[in-house]
Amino acid sequence: MSLLPILLLLGVLMIASVQGYVNYDFRKYGNRRYYVSRDHEPFNLAKMNDRCKESGGYLVIIDNEQELENLTFTVRKVSGRGPFFTGINDVTSEGRFENYNDKSPAKYLKWRWFQPDNYWGEDCVEIQYRGLNDLGCEKKGRYICEVPV
Ligand SMILES: *[C@@H]1O[C@H](CO)[C@@H](O)[C@H](O)[C@H]1NC(C)=O
Ligand SMILES: [Ca+2]
Ligand SMILES: [Ca+2]
């Protein structure tokens, strides 16, 4: 058996890790594309929003019920577990949720029961099957980019 394919694969993997290559699951709804990162890593609003910018987008924001439904469907479909971080947060002012990218107020917040609870100072927002939950901004997880087409 030849070693060549294995060496090639290793090479590709090394280049990928050096460049911080991010593996995404991809979905398209209406005139938006959504990219869900595959790896679990500590979340960081600025860093992940920058990564989304590289694809021409921003950390996902939720404008209405339909968009949340589409996203909920998406996180159910992609393989692997959450949490699935959005760009919604109340870092600046407790209880006032805004979108990281342009600091506009969050438009549509459908919380899970008993959320948001700001438990130990949770300031970021994840999508769960039954609604949104506030979660610590440095927790390990995946994130969703939204890219207008
Ligand atoms: C939700 O998905 C449907 C079906 O692809 C699409 O027609 C609709 O525009 C989407 N809505 C939003 C707000 O993303
Ligand atoms: Ca909070
Ligand atoms: Ca919470």
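UniProt, in an unreviewed entry, places a C-type lectin domain at residues 29-146; such positions are given in the numbering used here, feature names are shortened, and annotations may be inferred rather than shown by experiment. This is a predicted model, in which local features need pLDDT of at least 70 and side-chain atom pairs count only at pLDDT 80 or more, while totals for chains, interfaces and linings use all residues. Residues are numbered from 1 along each chain as its sequence is written, chains are lettered from A and ligands numbered from 1 in the order in which they are written, and side-chain values use heavy atoms, with hydrogens and water left out.

Over residues 29-146 the chain is 19% helix and 31% strand, and the end C-alpha atoms lie 10 Å apart. Helices (H or I, at least four residues) and strands (E, at least two) are DSSP runs, numbered from the N terminus.

**The calcium site**

Which residues hold the calcium ion (ligand 3) as protein donors? They are Gln-115 (OE1), Asp-117 (OD), Glu-122 (OE), Asn-133 (OD1) and Asp-134 (O and OD), at 2.2 to 2.5 Å from the ion. Donors are N, O and S atoms within 2.8 Å of the metal (3.2 Å for Na, K and Ca); water is not among the atoms, so sites may look incomplete. Along the chain the donors follow the spacing Q-x1-D-x4-E-x10-N-D. Gln-115 sits in the loop between strands E6 (98-99) and E7 (124-128) and Asn-133 in strand E8 (residues 131-135), so this pair ties together parts 18 residues apart in sequence.

Asn-133 is buried, at 8% relative accessible area, and 5 of the 5 residues of E8 are buried as well. Buried means under 20% relative accessible area, exposed over 50%, and partly exposed in between (1.4 Å probe, protein chains only). A hairpin through 2 residues joins E7 to E8, and the two strands pair in the antiparallel sense over 5 bridges; pairing requires at least two DSSP bridges. Asn-133 is the bridge partner of Glu-126.

**The disulfides**

The whole structure has 2 disulfides, each a pair of cysteine sulfur atoms within 2.5 Å.

| Pair | Sulfur distance | S-S angle and hand |
|---|---|---|
| Cys-52 and Cys-145 | 2.1 Å | -75 degrees, left-handed |
| Cys-124 and Cys-137 | 2.1 Å | 100 degrees, right-handed |

Cys-124 belongs to strand E7 and Cys-137 to the loop between E8 and E9, 13 residues apart. Cys-52 lies in helix H2 (residues 45-54) and Cys-145 in strand E9 (residues 140-148), so that link ties together parts 93 residues apart in sequence. Cys-52 is buried at 0% relative accessibility, and Cys-145 is buried at 0%. In sequence order, the bonded cysteines pair 1-4, 2-3.
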